[in-house]
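Reader: Give me a close look at one part of this model: the packing and the metal site. Keep it brisk.

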Amino acid sequence: MSNTHVVGPRRVRFSWENTPLHWVPGDPFTTHMINALHMLLPAGERWFVHVFKQALPYITDPGLKEQVKGFMGQEGTHAVAHQRVLEHMKEQGLDPTPYVENVEWIFEKMLGDTTLPPRAQRFWLMERVAMIAAIEHYTAVLGQWILNAHPLDEAGADAVMMDLLRWHGAEEVEHRSVAFDLFMHLDGSYGRRARTMALAGPAIIYLVKRGGGFLLENDPIVRGRLKPKWSYFFLRAHQGRAPTLRSLLLAMPQYAKPGFHPSQEGDLQQALDYIAISPAHAEFEAYRRST
Ligand SMILES: [Fe+2]
Ligand SMILES: [Fe+2]
């Protein structure tokens, strides 16, 4: 196991009362493209935990087992934090439920447990562990991106939302190696690694674009007048308000490089430095003392 930094969940709290519907002021497009992640992450991260729970009995390295448990704790906390944003969105007149139900179907049914003979069960588990490792490369790339996304601060993006995204992004950078190390420990087949990334990469880009489009269509202020066009996306990426499509596409061949390891990507120290100053921890402590 190459990652010696021990990961584990942290207690956080975010207060959404003052976060406006368009939390990037005057930019519903960027707001909703990033909001698409709030619709994908709760179901996706609950699924990570569900799958890794099944993988735990096969882990023979005690250190890795602890890392996987810490990873599960972090992902479970992330899912809850993003779920609260969905509730806030609903209170503001934008109901994400229809899209979230589609996403839940993907993770719970399409990628869920099926009744299979034992050998096929093991195959399906390895396939899903490899998918999670591939998705985790994207969450680490996006996590590092949001830590550096200063143009969003300059645009006046809501501080609580930026803290949620950066706290989560920092923990993604922090635990970037865990799913990959688990996959290499249990299977490590190069074909499976390349194949699952070839599926995961385009699926993530498609689901974010479609999710952002759904929110623009149902936004009570925009009311479908703004479409999820690629040209808008390219402009936001150029402004530094969204990651570039090039960086998202390049993540695939990068992951497929034979000598790749996630520890080569992202800045762990920067991530830990952000976690140390994230207001969400102080917010949790203040809340705990008041109750
Ligand atoms: Fe996460
Ligand atoms: Fe993660």
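Author: An axis here is a line fitted to C-alpha atoms, for helices over the stretch in contact, and angles run from 0 to 180 degrees between N-to-C directions. Helices are DSSP runs (H or I, at least four residues), numbered from the N terminus. The model is predicted: local features need pLDDT of at least 70, side-chain atom pairs count only at pLDDT 80 or more, and totals for chains, interfaces and linings use all residues. Residues are numbered from 1 along each chain as written, chains are lettered from A and ligands numbered from 1 in the order written, and side-chain values use heavy atoms, without hydrogens or water.

Take α1 and α4 to begin. Helix α1 covers residues 28–55, and helix α4 covers residues 118–147. Their axes come within 10 Å and cross at roughly 135°. On the α1 side, the contact (heavy atoms within 4.5 Å) uses Trp 47, Phe 48, Val 51, Phe 52, Gln 54 and Ala 55. On the α4 side stand Leu 125, Arg 128, Val 129, Met 131, Ile 132, Ile 135 and Glu 136.

Now α2 and α6. Helix α2 runs over residues 62–91, and helix α6 over residues 159–174. They pack at an angle of about 160°, with axes 11 Å apart. From α2, Gln 74, Glu 75, Thr 77, His 78, Ala 81, His 82 and Val 85 take part. They meet Met 161, Leu 164, Trp 167, His 168, Glu 171, Glu 172 and Glu 174 of α6.

Glu 45 (OE), Glu 75 (OE), His 78 (ND1), His 168 (NE2) and Glu 172 (OE) coordinate the iron ion (ligand 1), at 1.9 to 2.2 Å. Donors are N, O and S atoms within 2.8 Å of the metal (3.2 Å for Na, K and Ca); with water not among the atoms, sites may look incomplete. Along the chain, the donors of ligand 1 are spaced as E-x29-E-x2-H-x89-H-x3-E. Glu 75 sits in α2 and Glu 172 in α6, so the pair ties together parts 97 residues apart in sequence. Are these two buried or exposed? Glu 75 is buried, at a relative accessible area of 0%. Glu 172 is buried as well, at 1%. Buried means under 20% relative accessible area, exposed over 50%, partly exposed in between (1.4 Å probe, protein chains only).

Helix α6 has another partner. Helix α11, residues 268–277, packs with α6 at about 140°, with the axes 8 Å apart. The α6 residues in this contact are Met 162, Asp 163, Arg 166, Trp 167, Ala 170, Glu 171, Val 173 and Glu 174. Helix α11 supplies Leu 268, Ala 271, Leu 272, Tyr 274 and Ile 275.

Two single residues remain. Leu 245 belongs to helix α10, residues 245–256. Its relative accessible area is 18%, so Leu 245 counts as buried. Beyond neighbours within four places in sequence, Leu 245 contacts Ile 205, Trp 230, Phe 233 and Phe 234. Phe 234 is 11 residues from Leu 245 along the chain, and their C-alpha atoms are 7.6 Å apart. Arg 223 is in the loop between α8 (190–218) and α9 (230–239). Arg 223 is not a glycine, yet its phi is positive, about 50°. With 60% relative accessibility, Arg 223 is exposed.

Methods: Helices (H or I, at least four residues) and strands (E, at least two) are DSSP runs, numbered from the N terminus.
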